[in-house]
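Colleague: I have a model open and would like to learn how to read it. Can we go through it feature by feature?

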Amino acid sequence: MAAMKLPQSPRLYHGRPTIVPFTASTMLFPKPPSQPLSNFSFANLPGFLTRALALFSPGVLVCSNSSLRRAQGNQSRTKSASVQPLTEELTEDQSKDSLVSGDSIRQRFLDFYASRGHKILPSASLVPDDPTVLLTIAGMLPFKPIFLGKIPRQVPRATTAQRCIRTNDVENVGRTARHHTFFEMLGNFSFGDYFKKEAIQWSWELSTMEFGLPPERLWISVYEDDDEAFEIWHNEVGVPVERIKRMGEDDNFWMSGPTGPCGPCSEIYYDFHPERGNADVDLGDDTRFIEFYNLVFMEFNKKDDGTLEPLKQKNIDTGLGLERMARILQKLPNNYETDLIYPIIEKASEMANISYALADEQTKLKLKVVGDHLRAIVYLISDGVLPSNIGRGYVVRRLIRRVVRAGRTLGIKGEVRNNLEGAILPILAEKVIELSTHIDSDVKIKAPLILEELKKEELHFVQTLERGEALLEKMLADALSNAQKSGTVPCLSGKETFLLYDTFGFPVELTTEIAEEHGLTVDMNGFELEMENQRRLSRAAHNVVKLAVNDGTNLTENINETEFVGYDTLSTRAVVESLMVDGSPVLQVSEGNDVEVLLNRTPFYAESGGQIGDHGFLYVNGGENQQTAVMEIKDVQKSLGDIFVHKGTVREGILEVGREVEAAVDAKLRQRAKVHHTATHLLQAALKKLIGQEISQAGSLVAFDRLRFDFNYGHAVTNTQLEEIERLINGWIEAATFLETKVMPLKDAKEAGAIAMFGEKYGEQVRVVEVPGVSMELCGGTHVRNTSEIRVFKIISEQGIASGVRRIEAVAGEAFIEYINARESQMKNLCSMLKVKAEEVTTRVEKLLEELRVSRNEVANLRTKAAVHKALMIANKAFEVGSSLKIKVLVEYVDDVDADLLKVAAEHLIDTLQDPAAVILGTCPDEGKVSLVAAFSPAVVNLGIKAGKFIGPVAKLCGGGGGGRPNFAQAGGRKPENLPSALERAREDIVSILTEKAS
């Protein structure tokens, strides 16, 4: 290897100082050089802090404004219980130690384990396959099926940099030095290969030799009964006994759940303050220690009775927090100021026109929230999670709202440029996207979609926020009024405060501040109770990876993966390897019973990639080609990796395990699926070409009778655009282009421009389906050989199905013929019913609609006149209340009118009785329904009597509620039997109130 030399000047990219890489090799730098490189200066380079530099550990040298930021920050930071600044000694070390970039740490970790026989695997999506968790919360989650023995291992050892999301401790973000919603977990894994000794030795070698951490600053925790791990750390690694802590089950015994794989774990801690000594050390002291590496020794299976049995295959699962290691190596007081997050904070500070280094702790807290949450938001949207009110979508929506709140309180102003309409998130997200190169290269490809979604969601939330302000104003007024009536101290309830916080995005400190301005307090105990309830639900939903070893026989021990031959043939000889009825294995199934069949090979396509499973038959032949059994296949699903489960019904005879069968796919239905699947690829290509390259798939269905394509787009597709899409696709069909199918490495496929299917997981080798010159996608589905087989393509609908998601349904090939025939049959029926020709149907329908409109208006007018007549009939029942002011009061039941006509009657009575007057009417428009109305004239309202508040208690007596304006209000109920007593109560109340007010 050629000798490495220090560059004579730092390289500059994009107009800003960046990282100068050095080879990470302990051979080049076995120990720190004795002479500092004090003669090298950046004094003449703008934006750099002049300082002496020394190579402390192999890595990369960071030369940027962050040096000046840290120097200023050490002057202005104040200590807190949760985030403790570094000691003077560590601060002084900053001026001479080289710093290591987050990207370099990630790559050095992967390279370290790759050199020790581990396969580097890409990060899985933040949307996991596992239905027991909402998001990918741990580095081991993608390997869960291997740990369970459900699928065979592909490699004995692996290493990954896994993107993760956790939101159960979202309130701690920015308040501590280490809590994040988005983080990267660097991991090395052994699937029945090496175990404790190698895992411990390599973790120490990585920490002390590769990353150059001083051994005397590292502390170890082990499970209290794990003598083996203790001995390895002490006798083989050489860690002193006083720096190895035995800890209990709560801290150092990992369990996936009440039952399942489990085992002791061991952790490595970094000591920021070794000068405090070794006496009475608490590794949970965040002001002194940070745990950065966790080693899980998965060696037991916990049974239902609580006993532990050894696993047949012992595994290693480790996790090193990238952000934590970056904090240690970059000598910073918290994870947020590392080069992984700080550039986002820096951008937010610039937009807010404030200095992070000189800011107070509350301002820094908000900036940290912005920096942390934006990373989570961008990567979630990139992985297909769009804001919504349920599931993963709610996680994104909540994080977005927290960032918008923080940004508004920081005074960040949006811009009108590029149609941002004042939104701030797209500008900040651009920095996250810029930093994404080595984390997930797809983020930059999806940048237009991410930025558009952020703009739309932010602008919508700002409107919600404004509605929340109006609600808060009402809550404060009600609280003051109630306190005055009861003679208590005015207080905003914890439930109301939480509603403002959770639904409308109001920070509790903002609500408290506004309440104090109005002379109110806030029930913080009630608020904390609501918060704890939400945290409990969040932890239950988001923060447990459930593993369980199957009871009984593990299928994967007896059943190999199914060999799929369906790309090349529609029929094959196969052997029945297993039969299952209601989930239980059986040896044979007789005629008329539903069954699930596992074969050693199959031509049947199993549902995946949006394409439904094939239909067809299994035939069992006896002698002389006599069929002894027939099974109809109605669905095929994948289970436990690539085991195909054929679901259907035995139509004839008896199906037995071990028998040879002829598996035959329904060729006509397969052709329909092929036509629709290729047409789906053409549809996506047409959308990208005519609507925009930012179009991305959000879901699909490839069925025998139609295709459905969901895509991310914020606007309705116009009829003109839909017609253009149809013309373009039919042109490609007419061109009779042969498709090309290749299998290649995933990396090569992406570099060639292949589009990945939404929600699909890919291995190292992928199948690429290309329509030359039109589309190229990663796809395991079945396709036509030539586009001419599609014959014709027709869009039958386009609609919005969620915020920012559109859906197109279409038909092609034989399904198009069926669709046209059905429409023609419907048209013939219409022509027969209307007694017109097909070309006259539209005119005839328009005429009928106009006649219907006129008739409905006439009926409405008649009903209104009838309601007015009823009002006149009861007007003489009004009576007067009050002495100084004579007020006419009418409280009556009106029959045979609906809520709208009751409103008409009340308004007419108010006009007839003249001011001052109060009218309360009730009716039962339908079975089980009550309608009420209250109408007060101006003079009554001036007395302080409001119709909206009056009608509510009356409606409650009828099992309902309602409200409205001071002069007019409507309400409803579900208990008609209570209406007479409710009206009597209304009469008593209105008389009592008016007598008091008008005397």
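Modeller: Start with how angles are given here. Axes are lines fitted to C-alpha atoms, and angles run from 0 to 180 degrees between N-to-C directions. Keep in mind that this is a predicted model.

Colleague: Which strands does helix α20 lie across, and at about what angle does it run to β31?

Modeller: Helix α20 spans residues 719-734 and lies across β31 and β32. Its angle to β31 is about 135°.

Colleague: Which strands does helix α19 lie across?

Modeller: Helix α19, residues 667-690, lies across β26, β27, β31 and β32. It runs at about 25° to β27.

Colleague: Now the sheet itself. How do I read one?

Modeller: Strands of a sheet pair through backbone hydrogen bonds, either parallel or antiparallel. Here you have an open sheet of four strands, in the order β26-β27-β32-β31. The pairing is antiparallel.

Colleague: Which are the edge strands?

Modeller: They are β26 (696-702) and β31 (793-802). Each pairs on one side only. From one strand to the next, the twist averages 20°.

Colleague: How many bridges join β27 and β32?

Modeller: Six, in the antiparallel sense. Strand β27 covers residues 707-712, and strand β32 covers residues 805-812. For a place to look, take Leu 707: its bridge partner in β32 is Ala 810.

Colleague: On to aromatic rings. What do I look at in a pair?

Modeller: A pair of aromatic rings is described by the distance of the centres and the angle of the planes. A search of the whole structure finds 25 aromatic pairs. Take Tyr 194 and Trp 202: the ring centres are 4.9 Å apart and the planes stand at 75°, so this pair is edge-to-face. The cut-off for that label is over 60 degrees.

Colleague: Is Tyr 194 buried or exposed?

Modeller: Buried means under 20% relative accessible area. Tyr 194 has 2% relative accessibility, so it counts as buried. Trp 202 also counts as buried, because its relative accessibility is 14%.

Colleague: What is the geometry of the pair Trp 204 and Trp 233?

Modeller: Edge-to-face, with 6.1 Å centre to centre and 75° between the planes. This pair links distant parts of the chain. Trp 204 is in helix α5 (residues 196-210), while Trp 233 is in helix α6 (residues 227-237), 29 residues apart. Both Trp 204 and Trp 233 are buried.

Colleague: Which residues form an aromatic cluster with Tyr 194?

Modeller: Phe 109, Phe 112, Tyr 113, Trp 202 and Tyr 293 form one aromatic cluster with Tyr 194. Look at Phe 112 again: Arg 116 lies over its face, 3.6 Å from the ring centre.

Colleague: How far is Lys 903 from the ring centre of Phe 968?

Modeller: The distance is 5.7 Å, with Lys 903 over the face of Phe 968.

Colleague: Where does Leu 500 lie?

Modeller: In helix α15, residues 494-504. Leu 500 counts as buried because its relative accessibility is 0%. Leu 500 and Gly 468 are 32 residues apart in sequence, yet 6.5 Å apart in space, C-alpha to C-alpha.

Colleague: Last, the whole chain. How many helices and strands are there in the protein chain?

Modeller: The protein chain has 27 helices and 38 strands. Of its 999 residues, 50% are buried. The accessible surface comes to about 46400 Å², and 50% of that belongs to carbon and sulfur atoms. Among contacts with a separation of 6 or more, 68% come from residues 24 or more positions apart.

Notes:
Residues numbered from 1 in each chain as written. Predicted model: local features only at pLDDT ≥ 70, side-chain atom pairs only at ≥ 80, totals over all residues. Heavy atoms only, no water. Pairing = 2+ DSSP bridges. Helix = DSSP H or I, 4+ residues; strand = E, 2+ residues; numbered from the N terminus. Contact = heavy atoms within 4.5 Å. Phe/Tyr/Trp six-rings, centres within 6.5 Å; stacked < 30°, edge-to-face > 60°. Buried < 20%, exposed > 50% of the residue type's maximum accessible area, 1.4 Å probe, protein only. Lys NZ or Arg CZ within 6 Å of the ring centre and 35° of its normal. Areas by Shrake-Rupley, 256 points an atom, 1.4 Å probe, with all protein chains shown as cover.
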